[in-house]
Amino acid sequence: MKLDARFESKNGKLYALKTGAEADTGALIPFDSGILSGASSEIAETEAQRFSDSSGKILAVYVPHRAVEISENMYDEMYLAALRVFLKSIEAYGAYAIVVPISDCGAERLTQVMCHTARRIKDCASVIGFALPDALTESEATTFTDAMSAKHAHYVYFSNRHTNSSFVTYAVESGRGQS
């Protein structure tokens, strides 16, 4: 299922395509999706209900590499299904999400894992795009966005470190920083 873009980046800022209004990326609401490991669809929906009054707001959905990939090229499809349910549920509440990878692996592995994640959540219109971990070099960041964009051209990318003018800067409430 191919989704149309709902947002675009211009000069480091995020804009809604429908209205042209600038979206506030200065205080994203944090959510650690690692708690969805082993969770049922019902638990994922319950977690999403916490954001039922967040219409129009953007969540920073932290996605741990270890929650997605339990061993090399072995993915936790139950976790990814719960993540999808969570993202579809916040979509119903009118909230949006930026996927923020949390990783202790190399750039190539991270890119593969996040591409797999994107395939599992491809029908979630709540997902605006992905944040780039600070640890990626400029070259690795380009490789990451090129790989993701091959199948998910509607995603916007977020970074506070990388200098590409198409990347949107962001901050998370409660001072939680990037990985």
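**Helix pairs and a pocket**

Helix H1 covers residues 41–49 and helix H3 covers residues 77–92; their axes come within 8 Å and cross at roughly 35°. This is a predicted model. Two packed helices are described by the angle between their axes and the distance between the axes.

Stay with this first pair. H1 passes H3 in a right-handed crossing. Which residues make the contact? H1 brings Ser-41, Ala-44, Glu-45, Glu-47 and Ala-48. H3 brings Ala-82, Val-85, Phe-86, Ser-89 and Ile-90. Sort them by class, and the contact of H1 with H3 has six nonpolar, two polar and two charged residues.

Now follow H3 to another partner, H4. The axes of H3 and H4 come within 9 Å. They cross at roughly 55°. Are the two helices parallel or oblique? Angles under 35 degrees count as roughly parallel, and 65 to 115 as roughly perpendicular. On the H3 side, the contact uses Glu-77, Leu-80, Leu-83 and Arg-84. On the H4 side, it uses His-116, Thr-117 and Arg-120. By class, that makes two nonpolar, two polar and three charged residues.

H4 also packs against H5. Find H4 at residues 107–120 and H5 at residues 138–151. Their axes come within 10 Å and cross at roughly 25°. Angles under 35 degrees count as roughly parallel, and therefore H4 and H5 are roughly parallel to each other. This crossing, too, is right-handed. From H4, the contact takes Ala-107, Leu-110, Thr-111, Met-114, Cys-115 and Ala-118. From H5, it takes Glu-140, Thr-143, Phe-144, Ala-147 and Met-148. The contact of H4 with H5 has eight nonpolar, two polar and one charged residues.

Leave the helix pairs and turn to the pocket. The largest pocket has a volume of about 220 Å³.

How values were computed:
Residues are numbered from 1 along each chain as its sequence is written. This is a predicted model: local features need pLDDT of at least 70, side-chain atom pairs count only at pLDDT 80 or more; totals for chains, interfaces and linings use all residues. Side-chain values use heavy atoms; hydrogens and water are left out. On a 1 Å grid over the protein atoms alone, a cavity is a set of points where a 1.4 Å probe fits but cannot get out, and a pocket is an open set with protein on both sides within 12 Å along at least five of seven lines; lining residues have an atom within 4 Å of a point. Grid points are joined across faces, edges and corners, and a volume is the space filled by probe spheres set on the points. Axes are lines fitted to C-alpha atoms, for helices over the stretch in contact, and angles run from 0 to 180 degrees between N-to-C directions. Helices (H or I, at least four residues) and strands (E, at least two) are DSSP runs, numbered from the N terminus. Angles under 35 degrees count as roughly parallel, over 145 as roughly antiparallel, 65 to 115 as roughly perpendicular and the rest as oblique. A crossing is left-handed if the near helix is turned anticlockwise from the far one by less than a right angle, and right-handed if clockwise. Contact means heavy atoms within 4.5 Å. Ala, Val, Leu, Ile, Met, Phe, Trp, Tyr, Cys and Pro count as nonpolar, Asp, Glu, Lys and Arg as charged, and the others, Gly among them, as polar.
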